[in-house]
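The following note sets out, in numbered points, what may be read from the structure shown below. Please consult the structure while reading each point.

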Amino acid sequence: MNETRHVVAVVDDDPRLLESMGDLLESAGYVARGFPSAGSLLVSGLSDLDLLITDIGMPGIDGFELRDLVRKSRPELPVFLITGRHEIADQGRAQGGGGFFRKPFDAQALLAAIANALHQSRDGG
């Protein structure tokens, strides 16, 4: 295994999802950082992150807005969107660029997509 563990941030206002995603990512060898809101992630900073997973439907800054903000400062950072709301999932905006997953999502498919995105970003895309 690599000496350097990739840092994956998860932003979701559901504490149960943050905990389960943290467990999943840690079990796969990643460093997981959970944030209950987009604002808390932005205050913490983006500089040490290798990948971001964010819920779309959150109070305040939603996942679309967060993705757009992140792209301005870290355009190379892979951003995955997740949602349990199927009307959002069907929007073209949700599908565009990066990974997209509907809750409940397949853990192995998510881990494979993370590994692929990190491999591509490391290799320059």
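1. Strand E1 (residues 7-11) is mostly covered, with 5 of its 5 residues buried. Here buried means under 20% relative accessible area, exposed means over 50%, and partly exposed lies in between, for a 1.4 Å probe and protein chains only. Strands (E, at least two residues) and helices (H or I, at least four) are DSSP runs, numbered from the N terminus. The model is predicted: local features need pLDDT of at least 70 and side-chain atom pairs count only at pLDDT 80 or more, while totals for chains, interfaces and linings use all residues. Residues are numbered from 1 along each chain as its sequence is written, and side-chain values use heavy atoms, with hydrogens and water left out.

2. In a regular strand the side chains alternate between the two faces of the sheet. In E1, Val7, Ala9 and Val11 point one way, Val8 and Val10 point the other way, and all are buried. E1 pairs with strand E2 (residues 31-35) in the parallel sense over 5 bridges; two strands pair if DSSP finds at least two bridges between them. Valine 7 has valine 31 as its bridge partner in E2.

3. Valine 8, in strand E1, counts as buried because its relative accessible area is 0%. Contact means heavy atoms within 4.5 Å. Leaving aside residues up to four places away in sequence, valine 8 touches Leu25, Tyr30, Val31, Ala32, Arg33, Leu51, Ile53 and Ile114. The C-alpha atoms of valine 8 and leucine 52 are separated by 5.7 Å, although these residues are 44 residues apart along the chain.

4. Which feature does UniProt place at Asp55? The unreviewed UniProt entry gives "modified residue: 4-aspartylphosphate" at this position; UniProt positions follow the numbering used here, feature names are shortened, and annotations may be inferred rather than shown by experiment. Aspartate 55 is in strand E3 (residues 51-55) and counts as buried because its relative accessibility is 4%. Not counting residues up to four places away in sequence, aspartate 55 touches Val11, Asp12, Asp13, Gly63, Ile82, Thr83 and Lys103.

5. In helix H3 (residues 63-73), the buried residues are Gly63, Phe64, Leu66, Arg67 and Val70. Seen down the axis of H3, these buried residues fall within an arc of 160°, so they line one face of the helix. The arc is that of the directions from the helix axis to the C-beta atoms. The N-terminal end of H3 is capped by aspartate 62, which has a side-chain oxygen 3.0 Å from the backbone nitrogen of phenylalanine 64.

6. How many aromatic pairs does a search of the whole structure find? The search finds 2. Phenylalanine 80 and phenylalanine 101 form a tilted pair, 5.9 Å centre to centre with 40° between the planes. This pair links distant parts of the chain, as phenylalanine 80 in strand E4 (residues 79-83) and phenylalanine 101 in strand E5 (residues 99-102) are 21 residues apart. Phenylalanine 101 and phenylalanine 105 form an edge-to-face pair, 6.3 Å centre to centre with 65° between the planes. Rings of Phe, Tyr and Trp (its six-membered ring) pair if their centres lie within 6.5 Å; planes under 30 degrees apart count as stacked, over 60 as edge-to-face and the rest as tilted. Phe80, Phe101 and Phe105 form one aromatic cluster. Phenylalanine 101 counts as buried because its relative accessibility is 13%, and phenylalanine 80 is buried as well.

7. The peptide bond from lysine 103 to proline 104 is cis, with omega near -10°. Proline 104 is in the loop between E5 and helix H6 (107-122).

How values were computed:
A polar contact is a pair of N or O atoms within 3.5 Å; within protein, one must be able to donate a hydrogen and the other to accept it, and residues adjacent in sequence count only if both atoms are side-chain atoms.
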